[in-house]
Amino acid sequence: MMAWYTNAIFYQIYLRAFRDSDGNGHGDFAGLREKAEYLKWLGIDCVWLMPIYPSPLNDDGYDIASFYSIHHDFGLLEDFRMTVDELHRHGIRLICDLVVNHTSDEHPWFIEARRSKDSPMRDFYVWSDTDDKYNETRIIFLDTEESNWAYDEESQQYYWHRFYSSQPDLNYDNLAVQDEMLNIIKFWMDLGIDGFRVDAVPYLFEREGTNCENLPETHAYLKKMRQFVDENYPDSMFLGEANQWAKDLLPYFGDDTGDEFHLCFHFPIMPRLYMALAKKDRSSVVDVLADTPPIPENAQWATFLRNHDELTLEMVTEEERRFMWDYYSPDPNQRINLGIRRRLAPLMGNDRRKIEVMNSMLFTLPGTPVLYYGDEIGMGDNIQLFDRNGVRTPMQWDDSHNAGFSSAATDSLYAPPISDSEYGYHTVNVAAKRADKNSMLYTIRQMISRRKTMDFVAKAELVWLSDLPNHLLCFWRESDNQKLLALHNLSDEAVTIDLPKNVESYSDALWTGKPVENSTITLAPYGYRWLLPIS
């Protein structure tokens with residue numbers, strides 16, 4: 001039997017941005033409960049919530065100040081429990097972010113650890129008298145950090161951090177840390193959630209003479225985590241976030257039995273979808289999928305177009321990165337770290353044809369699709385906001401005050417809603433798109449619906465139509481006696497294709513279900529079709 005996450009549609013929510021129920025300017029659990037019906041209507045199977053924990057918000061919640069509570073802006077633990085129940089009532093599962101690598105420097109553990117070298121919590125973190133250990137380790141936040149070590153004046157030693165200096169790394173050589181993380185998993189799983197998206201997993205251990213990534217000790221601990229959930233919560237899942245090449249990600253699924261992550265994000269495919277569209281050439285997508293190894297039967301890739309971070313360009317060459325920057329972010333303010341801090345619609349020049357063909361590739365290529373809140377209606381971004389906050393603006397529900405997000409005064413919101421003439425909430429909002437059955441929202445909903453009915457696509461073999469010009473990205477998804485033919489035109493000119501002749505006739509798999517009358521098919525500029533063989 002196929003695991004539930006293999007053919008699910010995931011939807012990433014930044015809770016602070018989704019819906020404010022009490023008028024304090026911040027989204028909350030009660031607001032999410034109000035919108036459960038919308039998520040069910042859209043066809044979402046599982047919500048992924050970004051961090052909900054107490055935090056000073058120096059890294060938008062990924063700097064956790066307590067693993068056992070809820071940030072006061074979002075409500076109380078009782079609110080969380082009710083939200084889990086409400087989503088489940090609508091047939092929607094819930095996974096939460098689990099930040100295993102680090103805490104905030106305002107976490108009580110670190111406050112106590114830095115108090116004295118003799119503190120009982122000292123060994124929860126990684127300390128050194130010098131800043132020259134592990135010097136083969138890359139710095140991730142190149143725009144803001146000069147070192148992975150930060151000096152602590154209070155206890156007069158350096159502490160290790162892979163991200164911001166306000167996020168000290170936990171010391172997984174300490175078995176007490178390992179056990180405490182399992183306690184944290186148990187706490188939230190016992191509240192009814194269905195799993196975790198596990199953040200920043202490659203960096204748990206440090207060893208001299210290495211780059212401190214993907215170490216054997218890290219995999220040994222991840223297997224321990226997986227065994228714990230398999231034994232105690234067998235229908236749950238872990239989604240791993242490791243920005244690595246696909247072949248380097250293979251160990252994160254575990255051995256042949258799949259004993260680490262149930263899903264891992266396929267980071268390398270994402271920028272190549274954008275590159276293929278920009279260059280009108282499928283080659284980069286074909287090549288990266290050719291380099292993607294088989295994974296255990298019970299495992300799955302998670303694929304996405306955008307998320308809460310920058311569109312990362314770590315997994316491309318220097319030449320390709322320069323091309324992507326020049327093409328998709330000509331304004332340097334649109335760039336950050338090794339990526340681009342823009343949403344899907346602005347990246348596509350607000351061209352609905354391009355947005356839809358990108359989504360069509362997402363839903364028909366291998367992997368479980370993960371959508372980012374608001375992309376289904378074509379929300380824009382605000383690059384005037386700090387860091388990556390420009391893609392984390394309030395969800396645009398309708399054309400009322402503050403886009404229907406909050407009743408608060410606009411200047412008291414956590415961030416202003418998009419209000420410009422092109423992407424502003426007066427025209428780009430759920431209510432308007434839902435009232436128009438010809439809208440892109442309905443198209444995305446239809447893609448979701450049809451993808452879920454063709455569950456064979458989740459694990460089907462990918463077979464390219466390689467004899468077509470490079471501006472056509474066309475392929476079969478084949479599994480036993482079931483097939484889907486997906487056709488995509490990456491160019492701005494219409495093109496006519498001879499349909500494969502090994503099939504007698506085809507039907508429209510996405511819209512009408514009716515037979516395709518001709519032996520050829522014309523794809524409009526940036527057009528796409530999903531076809532099923534008629535036996």
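## Crossing of α9 and α11

In this predicted model, helix α9 passes helix α11 in a left-handed crossing, a term that applies if the near helix is turned anticlockwise from the far one by less than a right angle, right-handed being the clockwise case. Helix α9 spans residues 269-279 and helix α11 residues 318-328, and their axes come within 11 Å and cross at roughly 65 degrees; axes are lines fitted to C-alpha atoms, for helices over the stretch in contact, with angles running from 0 to 180 degrees between N-to-C directions.

On the α9 side the contact (heavy atoms within 4.5 Å) is made by P271, R272, Y274, M275, L277, A278 and K279, and on the α11 side by E320, F323, M324, Y327 and Y328. By class, this contact has nine nonpolar, no polar and three charged residues, where Ala, Val, Leu, Ile, Met, Phe, Trp, Tyr, Cys and Pro count as nonpolar, Asp, Glu, Lys and Arg as charged, and the others, Gly among them, as polar.

## Aromatic pairs

Rings of Phe, Tyr and Trp (its six-membered ring) pair if their centres lie within 6.5 Å, with planes under 30 degrees apart counted as stacked, over 60 as edge-to-face and the rest as tilted; by this rule the count comes to 46 aromatic pairs. F141 and Y164 form a tilted pair, 4.3 Å centre to centre with 45 degrees between the planes. This pair links distant parts of the chain, 23 residues apart, with F141 in the loop between β4 (127-128) and β5 (149-152) and Y164 in the loop between β6 (157-160) and α6 (175-189). Both F141 and Y164 are buried, that is, under 20% relative accessible area, against over 50% for exposed and partly exposed in between (1.4 Å probe, protein chains only).

F253 and W301 form an edge-to-face pair, 5.0 Å centre to centre with 90 degrees between the planes. Here F253 lies in the loop between α8 (246-249) and β9 (263-265) and W301 in strand β10 (residues 300-304), 48 residues apart. F253 counts as buried at 0% relative accessibility, and W301 is also buried, with a relative accessible area of 6%.

## Basis of the values

Residues are numbered from 1 along each chain as its sequence is written, and side-chain values use heavy atoms, with hydrogens and water left out. As the model is predicted, local features need pLDDT of at least 70 and side-chain atom pairs count only at pLDDT 80 or more, whereas totals for chains, interfaces and linings use all residues.

Terms used
Helices (H or I, at least four residues) and strands (E, at least two) are DSSP runs, numbered from the N terminus.
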